[in-house]
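User: I'm new to this one. Can you put it up and walk me through it?

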Amino acid sequence: MMTADQLKDLFEEIERRSGEALARLERLVHQPSVSAGGEGIEEMALIVAREIRALGGRVEVVRSGGFPVVVGRLPGRSSRRLLIYNHYDVQPPEPLEAWDQPPFEPTLREGRLWARGTADNKGDFAARLAAVEAWQRTRGNLPVEIVWVVEGEEEIGSPNLETFAERHADLLQAEGCLWEFGRRLSSGSLEITLGMKGMAYLELKAVGAAADQHSSLAPLVPNPAWRLVWALASLKDPGEEILLQGFRDGIASIPPVSTRLLEGMEQDDRRELARLGLDSFLLGASGEAALQRLHFEPTCNICGLTAGYQGPGPKTVLPAEASAKLDLRLLPGQDPRIVPELIRSHLARRGLGDIEVRMLAGEAAAMTEPTDPFVAAAENAARLVYAREPQVVPISPATGPIHALCHRYGTPAVSFGVGNPDSRIHAPNENIRVEDFVLGIKQVAALLSLLAEPAEPARSEGSPESNRCL
Ligand SMILES: [Zn+2]
């Protein structure tokens, strides 16, 4: 068993150079890179390539149809390989007036660095760069080869990453993948996440007359807004049951060792409800039952609904079309590609077959088994760095391309990072704590150290032959 003492050289080096690491992060977040509109993306890809090259990596800027993917390869002492996934794009900074400083002018205040991209995801990228650098300065060659995939379209749903992954399958097989995100909880524990839900993102569109009509024609002219509302109402009942036939088929059974992780999770229903401005969660769920629903239930959510007139005062109109956007979050085993067809047949059976169903994005869920040795390495690293038990989350209720990049190739993935519970990702005043940033560098360095050792199992449960990817 490794002790923190054996990491002293690395940790001292990290502390000695933490100012430089922070300055590098400040440079990274100073460069806008908004994938939604494309601002600064090409410049950012070049900066990322330069940073990895500076560590002695061979870098290729790959184009698979969209914004470039930067692929870095850093040689290691052994043939074992660690895959690292980050993204260099950020969410749009708007609304600008809600920021306490301009979003791309990094500011140090109250022990935190404030700027767009600090937590999501340039802080994690910078921490990993600093960890590799600290290793090289103290110990020379890396213990394992690192293949680093840094994409520029994560915030717009990674539309071209699957194509990239298909063309580079040989690169993506690894002992494990260090995924992009994470945070340190209020208790001081590191959160380690073992997967993400999938998603089918759809647009439903109902069309009526050739153009908007005077609403006096309502006795004769079909109203697409009603047809859309009936369609939506048929998808889910007030008891939160998704009524789509065949939707739950294929959901993989969740291993008890994964569900049991929920028991130990830090959770404060009251604080969360206060933050949301609500009196209770759906169906009155609380405590562990709420965690169970959040992590292990698929969803059918209406993201947007558009029809007719919504301006000031009355306008008696019978709209010519109505549309809605839906996201359905999926569990391991559910195939996003069949969801549009399930909805089409469901609507056809109800006389609503004219409603157009279009898939805008789809990603399958992925979950790494807690018994995987790579998870053990991440947990043991956290024990050494944070001096407390990490909180292991079996699957994130959010979605990311873990399946496309890792699980289809049998590579287990774990995610941890430098955020905090108030990092405000995607929102104004995004921030990380400087303390968490330095700990995050140590966590990556400790993981590298543990990967240099022979693997040991994380938990005694679960058969070793069971599929690591669900
Ligand atoms: Zn994000």
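Analyst: Gly140 follows helix H4 and has a positive phi, near 85°. Helices (H or I, at least four residues) and strands (E, at least two) are DSSP runs, numbered from the N terminus. This is a predicted model: local features need pLDDT of at least 70, side-chain atom pairs count only at pLDDT 80 or more, and totals for chains, interfaces and linings use all residues. Residues are numbered from 1 along each chain as its sequence is written.

User: How many residues of H4 are buried?

Analyst: In H4 (residues 118-139), 18 of the 22 residues are buried. Buried means 20 or more other C-beta atoms lie within 10 Å of the residue's own; exposed means 12 or fewer, partly exposed is in between, and C-beta atoms are placed from the backbone.

User: And how many in strand E6?

Analyst: Six of seven, so to speak: E6 (residues 145-151) is mostly covered.

User: Switching topic. Is the pairing of E2 and E6 parallel or antiparallel?

Analyst: Antiparallel, over five bridges, with E2 spanning residues 69-74. Strands pair if DSSP finds at least two bridges between them. Gly72 stands opposite Trp148 in E6.

User: Which way do E3 and E6 run?

Analyst: E3 (residues 81-87) and E6 run parallel, joined by seven bridges. Asn86 stands opposite Val150 in E6.

User: What do E1 and E2 form?

Analyst: A hairpin, with six residues between them. Gly65 in the turn has a positive phi of about 115°. E1 (residues 58-62) pairs with E2 in the antiparallel sense over five bridges.

User: Which residue stands opposite Gly72 in E2?

Analyst: Val59.
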